[in-house]
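Come along as I look things up, one piece at a time.

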Amino acid sequence: MSTTQEKPRPLIDDLTRPFWEAAREQRLVIQRCQDCHYFNHPPRPVCQACHGAALTFEPVSGRGTIYSFSVMYQPNVTGFGDELPYLNILVELEEQPQLFLVSDLPAAQRERVRVGGKVEVYFEDVDAELTLPKFCLVA
Amino acid sequence: MTWKGKGKTAIVGIGYSELSRRPQRSLGALSLDACRAAIDDAGLPAERVDGLATFPEAPFHGAGTQDGEQIVSVEYVMNHLPLAPDIRWYAQIETGLVASAVIEGVNALLADACEYVLVWRALHNPRGRYGAWSGNRAPGDAQFMAPYGCTSIFQWHAMAWQRYMHRYGATRDHLATFVTNSRRNANLNPNAYFYTTPMTREDYFAARWIAEPLCLFDCDIPVEGCVALILTTAERAADLRHPPAYIAGYGQNTSRRRALFHYSLDNYMESGHSLASKLWASSGLGPQTMSAAELYDGFSPSTLYWLEAAGFCGEGEAYSFIQDGRIALEGELPVNTFGGSLSEGRLHGMGHIAEAVMQVTDRAEKRQVPNASAVCAIDGSPMLRGSGLVITREP
Ligand SMILES: [Zn+2]
């Protein structure tokens, strides 16, 4: 049923293009305020913390911890039907509290996933145009 | 200092349409049923209604916005009911859920902008899978979630509850107490979708996962239908059919969000306090003086977060607070006495307001809390935009 369906792809816009272009080059970058140094993700036109507009993308470590996770059982998202159930983790990057990214993991890793567990970024090439930064468990 | 408007306005009529999963009639027709029922309940000639307010938002992005079919706007009601020939005032709220529409109505009455306000909330139950994401291009913030299969509100609630369990030691067993208590109350509420369907703890544990750690019964039951209310000033209320349910205070959540990526559990106390502190300050009342609490339960954990954020118990204590019958109808703090959205049906908080009115006017029949003098109704989860009311027996 869903085997032939493509998963959703990002509709890349001017604000988010640097994030996705860096991902193509296997780099994780996050928008950062040059005035107050706050990381904004998803990217914003003005800084969430100080409302300044001096925002550029900076490389981050790609290391973080699992803030929380859930196991998805519903075929709600196009293209994910064959992977049910799958895990989603909310990753808090080590650079800043509540600087979150989402990733998916195979359900087989369920027993190893725990709140506070360490993860690091890797890059999954979907096709010639799109690379998704994802996170995997580290020992 | 207590709010100047305390006890100066009241809810004087309630109307329910049929609530069902797949009705034969349009949402527009059901909404007119609810509006007419509310006007009749107040004992008011329809042509006296000269103010209108609603919160018409569709239940999720992509659920449709066709007026009279998927939403019911001010425009629709104005065109389809024989109300005052010249409506004096209306408001159509975009944020804060339906308690914010009630708050607007209260403000309009206090400003003498109109005399009788009709407030309704119509909810559509779209065909197909609830909240499904069918687009293949994810715009805006969704571009950082949809490619990972994380698009549904229940996945975020599941992650917040996972975090809560980890932090405070709560388990599903604790949540089962809340969900089955709500069902027991719904079994005493003829308006409830699950009026005739009991639920045991075993039923709860046997339910399928939606997004672990949340199961089917941790999610509210989507229904199609409408609930309507009539509001007026305390002076005018005295001449109507039922005793008035006075608006003692109100509050909206105006907290600033730190985390940009949807919401985390970390700010629920502070965020919920933004709403609750205004409820208690305006009414001059507090959690310890509430006879019952009608707390939003789009997903079961939200009510627990509210018990903490609104001060009914301390942070991290709600899961133990709700045990041992404390939140039952006979308990120290009856909670969601009508069954909540989990068991009455998804009305985005309108059922909570209607029940607070029923309780303080002794109209709750078999689920009546004796001498209920003050009941709060809060819409929305503490980490999201919501609003609430304190409703009292005396002005
Ligand atoms: Zn800044």
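**Entry 1: the domains of chain A**

I began with the domain assignment of chain A, which gives domain 1 (11-60) and domain 2 (61-139); such bounds come from an automatic or database domain assignment. I note that this is a predicted model, where local features need pLDDT of at least 70, side-chain atom pairs count only at pLDDT 80 or more, and totals for chains, interfaces and linings use all residues. Residues are numbered from 1 along each chain as its sequence is written, while chains are lettered from A and ligands numbered from 1 in the order in which they are written.

I looked up the spacing: the C-alpha centres of domain 1 of chain A and domain 2 of chain A lie 20 Å apart. I then found 7 residues of domain 1 of chain A in contact with 12 residues of domain 2 of chain A (contact: C-beta atoms, placed from the backbone, within 7 Å). On the domain 1 side of chain A, the touching residues are 4 nonpolar, 2 polar and 1 charged. Here Ala, Val, Leu, Ile, Met, Phe, Trp, Tyr, Cys and Pro count as nonpolar, Asp, Glu, Lys and Arg as charged, and the others, Gly among them, as polar.

**Entry 2: a sheet in chain A**

I traced an open sheet of 3 strands in chain A, with the order 3-2-4 and antiparallel pairing. Strands (E, at least two residues) and helices (H or I, at least four) are DSSP runs, numbered from the N terminus, and two strands pair if DSSP finds at least two bridges between them. As a reminder to myself, strands of a sheet pair through backbone hydrogen bonds, either parallel or antiparallel.

The edges of the sheet in chain A are strand 3 (39-40) and strand 4 (55-59), each pairing on one side only. Strand 2 (residues 29-33) of chain A runs antiparallel to strand 4 of chain A, and 5 bridges join them. Within that pair, I found A:Gln31 with A:Phe57 as its bridge partner.

**Entry 3: where the chains meet**

Next I turned to the contact between the chains, which takes 39 residues from chain B and 35 residues from chain A. Strand 5 (137-138), helix 4 (153-168) and strand 6 (209-212) of chain B each supply at least two residues of the chain B side. Helix 4 of chain B gives the largest share of that side, 7 residues. By class, the chain B side has 19 nonpolar, 12 polar and 8 charged residues.

In chain B I followed an open sheet of 9 strands, in the order 3-2-4-8-1-9-12-11-10, with mixed pairing. Strand 3 (89-92) and strand 10 of chain B have a single partner strand each, so one side of each is left without a neighbour in the sheet.

I stayed with strand 11 (residues 374-379) of chain B: 6 of its 6 residues are buried, so it is largely enclosed by the rest of the structure. Buried means 20 or more other C-beta atoms within 10 Å of a residue's own, exposed means 12 or fewer, and partly exposed lies in between, with C-beta atoms placed from the backbone. B:Ala374, B:Cys376 and B:Ile378 point one way from this strand, and B:Val375, B:Ala377 and B:Asp379 the other way.

What does strand 11 of chain B pair with? Strand 10 (residues 292-295) of chain B pairs with it in the parallel sense over 4 bridges, and strand 12 (residues 387-392) of chain B in the antiparallel sense over 6 bridges. B:Cys376 stands opposite B:Ala293, and in strand 12 of chain B its bridge partner is B:Val390.

I checked helix 5 (residues 172-186) and helix 9 (residues 300-309) of chain B, which pack at about 100° with their axes 10 Å apart. Axes are lines fitted to C-alpha atoms, for helices over the stretch in contact, and angles run from 0 to 180 degrees between N-to-C directions. The two helices of chain B are therefore roughly perpendicular (65 to 115 degrees; under 35 is roughly parallel, over 145 roughly antiparallel, the rest oblique). B:Leu175, B:Phe178 and B:Val179 in helix 5 of chain B meet B:Ser300, B:Pro301, B:Thr303 and B:Leu304 in helix 9 of chain B.

Last, is B:Glu235 buried or exposed? B:Glu235 is exposed, with 10 other C-beta atoms within 10 Å, and its place is in helix 7 (residues 234-237) of chain B.

Note on methods: Contact = placed C-beta atoms within 7 Å.
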